[in-house]
Amino acid sequence: MQTLTVASEKGGVGKTTVTLGLAAELGRRGVRVGVIDLDPRSTATTWLGVDVPEGEHVGAILGVDDVDGAAADLALVTPWNANVSVVPGSRDIATLETAHQEYGDLRLKRSLTGWDRDVVLIDSPNRQGGFLIRSALTASDRVAYTTTPDEDGRAGVEWARYNVARFRQLSPLNPNLAEAGIIVTRWPDTVVTRDARTAIEALRETAGDLLLTPFIPERVIVRSARAGEVWWGDFDRGAVVADAFTQLADALWPDTKETGR
Ligand SMILES: Nc1ncnc2c1ncn2[C@@H]1O[C@H](COP(=O)(O)OP(=O)(O)OP(=O)(O)O)[C@@H](O)[C@H]1O
Ligand SMILES: [Mg+2]
């Protein structure tokens, strides 16, 4: 099982879209994917169109100590793809962010044991440094950052990287956590603005080795698919977005790459 957290300190920079785009692409390839929705607003859960039974969400992992096998028990298969299942999020986990819980950071990692998934993707809230993101980083092999091509997005990556560096320095729980790269979302490919170019140049200067390509183009279909709780790849207009995710999945999980395309 390989586990990746998608993170940024900034809101609205495509964390959820990237998590689900990668999940859908891997699922299409026959990879068994688990999504963990760690955002109290649970946008990933809603978008994946699953019906969550009362109380059966990720809070049942984060708030209790006896969690062996819990992810497998709580996971729901999305109508998007039979290979993709999600441990649902819930507003209830917002209160856990500030509560002190001894060894609590280990629960999420522990809960993954025995889950029949090849890849686990964790969608995180933008608040860095708290219990939720620490749980995610403890459970992960790698972290990928997302950003929109603007100054706020770039700063969001910087702060998330700072948090990861602190985590690696201070937490004995997962010293081998690696940075998988930076994914640029909502790229205005039809008319590239000066702001977008400037933001990418600034990213290249500070973290050029981490920048992944291709950038994910901005398309209206992504929003409409979200509203309809479906995957954009099911639509002709979504093909260019799905193609960007295909190439990103090749870069992030080369061993799942399809040959002969
Ligand atoms: N490639 C794209 N084309 C068009 N719109 C996009 C694209 N990617 C993301 N969006 C839109 O941008 C908004 C933010 O995206 P998303 O929810 O994935 O970001 P986020 O970082 O998870 O946000 P939050 O911090 O609120 O969890 C959403 O309305 C989404 O539909
Ligand atoms: Mg989100």
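Contact, as used in these legends, means heavy atoms within 4.5 Å. The model is predicted, with local features requiring pLDDT of at least 70 and side-chain atom pairs counted only at pLDDT 80 or more, while totals for chains, interfaces and linings use all residues. Residues are numbered from 1 along each chain as its sequence is written, and side-chain values use heavy atoms, with hydrogens and water left out.

View 1. Helices (H or I, at least four residues) and strands (E, at least two) are DSSP runs, numbered from the N terminus. Asp-105 is buried, at a relative accessible area of 13%; buried denotes under 20% relative accessible area (1.4 Å probe, protein chains only). Not counting residues up to four places away in sequence, Asp-105 touches Phe-131, Arg-134, Ser-135, Thr-138 and Leu-173. A polar contact of 2.7 Å joins the side chains of Asp-105 and Arg-134; the term denotes a pair of N or O atoms within 3.5 Å, where, within protein, one must be able to donate a hydrogen and the other to accept it, and residues adjacent in sequence count only if both atoms are side-chain atoms.

**View 2. Helix H6 (residues 131-139) and its cover.** Eight of the nine residues of H6 are buried, among them Phe-131, Ser-135 and Thr-138. Elements covering these buried residues include strand E1 (2-7), helix H5 (107-111) and helix H7 (151-170).

**View 3. Contacts of Trp-232.** Leaving aside neighbours within four places in sequence, Trp-232 is in contact with residues including Trp-47, Ile-221, Val-241 and Phe-245.

Note on methods: Chains are lettered from A and ligands numbered from 1 in the order in which they are written. Buried means under 20% relative accessible area, exposed over 50%, partly exposed in between (1.4 Å probe, protein chains only).
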